[in-house]
Amino acid sequence: MTFSSSYLLSLVTFVYLGAAALYLIHWVFRVQKVGLLATLATYAGFAIQTSGIALRWIESHRMGYGHAPLSNLYESLVFFSWVTVLVYLFIEWKIRRREIGAFAAPFATFSMAYASFGTEDKIQPLIPALQSNWLIAHVVTCFLGYASFAIACGLGIMYLLKKDDSRGGQGILGGLPEKKLLDELVHQTIIFGFLWLSIGIITGAVWANEAWGTYWSWDPKETWSLITWFVYATALHARFVRGWAGRKIAFLSIIGFVSVIFTYFGVNFLLSGLHSYGSQ
Amino acid sequence: MKPSSSKNTNPVWAFFSSVRLAVFLLITLAVTSIAGTIIPQGQPLDFYKDQFSHTFFQIIRVLQLNDMYHAWWYLGLLGLFSLNLIVCTVKRLPFTLRLLRKDNLSLTSHRLRKMPFRHEWKTRGKVDASAIKPLLEAGKTRLPESQVDGGRLFLAEKGKWSHWGLYILHSSILVIFAGALTGSFAGFKGNIMLLEGESTDHIVDASRSKQIPLGFSIRCDKFSVSFYDTGAPREFKSDLAVLEGGNEVLKKSIVVNDPLEYKGISFYQSSYQAVPQVTVRFHRKDGTREDIVLSAFQRISWPAARLTLGLMQYLPSFNGVPAARIWLADSEGKTRALWLLKGNEKIYTQDDEQFSISLIGASQSYMTGLQVKKDPGVWIVWLGCTLLIFGFGIVFWVPHQTKWLWIGEKDGNTIVILAGQTNKNKIHFEKEFHKTEQAIESVLGVK
Ligand code: HEM
């Protein structure tokens, strides 16, 4: 049997599902070994996924279309999941805490499951509007932003679930990192995501200017990305307004991610506009 | 660094300079912007009258929700936001200037002992300042120095300028606004449709439906479209020529994502339309004949017969036969429409002359749709975007780090104090500080 990219990528769905379950067990039962297993599974899934994406790129060249696998909903979901895992693994390596995995791996799993079971995975040729090098710059930067926001959302949920640190490390929720650390991580991931979203919006504007002659046309997808940007700008400034620490920022990280989801899917399915080819 | 309450307590000033207002405006902009993504934008008012209830239509009309991103209240919010940003920046400026002017060489040893990072050594022997001073900042031997408390104070400071990062970041937003304003006042946007072979020296403005002269002519020589084997379009291409005083000065084939630019005006491939073309044969009584090619959307005049002609409709198969409906106007402006079926002749009389007209062929040509724009503000917008990214990078990743080294004497002992502070990335600074500490320790030979 031959390993097609879609085969490899559907396999990834199950590896990430397994990793998410292991992270959950690690967090709830506090077994260090299971945590290590979860990390190993995530690395394995990431390796398979990377090969799957590379293979899909090669396959598109064999078909004579030759383009980076970032052009339709299936490919963008796969890429979203890939970047989310990348950003997560970086944070895990940096802070050496695995409980966050239980809130990050599910995002990667959902995204892959939706890609594999809910969308058309045929390799399609690029329509004229997408034939630009800006496609890669735009999609990569936007998705780095989206992935950071997904993780900020996971961290925000953890923050809201967790009781005061003073209660000590009791119960299931006690195993989560301290609130102060969570708060700082939410802030850092939002900063990181905000930078990439800004660059994503800018590369999108440069591309639109090249393709259509307007860098900004208030099309629903553009407008929603700006709305998302406003939400996170609020989160960054809210820190300087008294009483807006902790909980409120955690809420904003969730509202912001809802806005990201809407920018990503809602616009394609519910509204019409220049970007709706994404729903093919 | 957070500027605390200012001496200026004017409530209006306080209101416009508050981050609270900025947060309020950001939330308001986020929430109101949603409306324009749900209500279709830029349609004629009648459209909304049909689609929505009377009350809702009135709301749309008053709040200009049909073009809400250019509505007075939305622009007002953006204006207030800019004002907030300017006032906030002006208020902050004195704090930053004071911070930058602060003389870091006049600190007392007492102050150094209170720095967030510090270490102190005491030794009996003499200390050679020139041996430990380079350890402060990667082998730099010439450091600013002063005499304080009867000892020598050395200073190594990095990234002081990074305090301007926030100003760069915030002003970048204003620069982008300025670019957008320049574009909307000094630029234009519109569309043209050109048949193959046709040229124009003006366009019709998209919003104000007025004519704008280009100052030169643009001609479409050829349009082509190609498809993938899946049936999806592969490429739309127009071969364009720029004419000045009838002479070709520039030729370029444009595709989507690769426009033509001439004298600050850009032409983008935006759409196309297939245009039917028919050949009509006119037989005169005296046996002479003339073949005329008619395209949709085009008038052809035929002076010899004092006729103007046009193609109104073309059917490739009318009961199996190609059919065309053509339109004729005589010199007095009287018009007639005729259906021609291939293989059938029609008799047409004008003045005393009689023609028999027949449809002899049909083909297809194209009309290319070009988006035309001039935007002298676009470079300002790109400048603003660049500043935004740079400013962001500086605000979050360039720290202002200061290290001090004081060498003095007390009760016959030599005292060495190393102190430091940073405004961001404390963890990284701590490591670096610790390294300096160890390096000094190994030179001094004491703990
Ligand atoms: C959409 C436009 C804006 C963007 C992208 C932006 C961006 C930023 C960023 C990234 C920071 C750093 C936050 C941090 O250190 O965590 C910041 C800080 C700040 N911004 Fe804005 N800002 C904007 C509008 C405004 C406005 C309108 C005001 C007016 C009051 C304002 C006032 C401030 C203040 C006072 C700080 C705190 C700086 C400090 O003390 O460290 N910003 N802004």
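**Close-up views of a predicted model**

**View 1. Iron site of the ligand, with protein donors from chains A and B.** In this predicted model, the iron atom of the ligand has His237(A) and His170(B) as its protein donors, each through NE2, lying 1.9 Å from the iron. This histidine pair crosses between chains: His237(A) belongs to helix H8 (residues 220–238) of chain A, and His170(B) to helix H9 (residues 165–186) of chain B. The iron atom has 6 donor atoms, with angles of 86 to 180° among them, and the site is octahedral.

**View 2. Strands S2, S3 and S18 of chain B.** Strand S2 (residues 145–148) pairs with strand S3 (residues 151–158) in the antiparallel sense over 4 bridges. Within this pairing, Ser146(B) is found opposite Leu153(B). S2(B) and S3(B) form a hairpin with 2 residues between the strands, where Asp149(B) has a positive phi near 50°. S3(B) also pairs with strand S18 (residues 401–410) of chain B, again in the antiparallel sense, over 7 bridges. Here Glu157(B) stands opposite Thr402(B).

**View 3. Strand S4 of chain B with its partners S5 and S17.** Strand S4 (residues 188–195) runs antiparallel to strand S17 (residues 353–374), and 8 bridges join the two. Leu195(B) has Met367(B) of S17(B) as its bridge partner. S4(B) is also joined by 2 bridges to strand S5 (residues 199–205), likewise antiparallel. In that pairing, Asn191(B) is bridged to Val204(B) of S5(B). The hairpin of S4(B) and S5(B) has 3 residues between the strands, and Gly197(B) in the turn has a positive phi of about 90°.

**View 4. Open sheet of 4 strands in chain B.** The strand order is S12-S13-S14-S15, and the pairing is antiparallel. Strand S12 (299–302) and strand S15 (335–341) each have a single partner strand and stand at the edges, so one side of each has no neighbour in the sheet. On average, neighbouring strands of the sheet are turned by 30° against each other, direction ignored. S12(B) is joined by 4 bridges to strand S13 (residues 307–318). Among the residues of this pairing, Arg299(B) has Gly310(B) in S13(B) as its bridge partner.

**View 5. Nonpolar surface patch on chain B.** Ile59(B), Val62(B), Leu63(B) and Trp72(B) make a nonpolar surface patch of about 370 Å². One of these residues, Val62(B), lies in helix H5 (residues 54–62) of chain B.

Conventions. Residues numbered from 1 in each chain as written. Chains lettered and ligands numbered in written order. Predicted model: local features only at pLDDT ≥ 70, side-chain atom pairs only at ≥ 80, totals over all residues. Heavy atoms only, no water. Patch = residues over 30% accessible without salt bridge, like charges linked within 9 Å, V, L, I, M, F, W, Y side chains within 5 Å. Areas by Shrake-Rupley, 256 points an atom, 1.4 Å probe, with all protein chains shown as cover. Salt bridge = Lys/Arg side-chain N within 4 Å of Asp/Glu carboxyl O. Pairing = 2+ DSSP bridges. Axes fitted to C-alpha atoms, helices over the stretch in contact; angles between N-to-C directions. Donors = N, O, S within 2.8 Å, 3.2 Å for Na, K, Ca; no water. Tetrahedral: all angles 85-135°; square planar, octahedral: opposite > 155°, others 65-115°.
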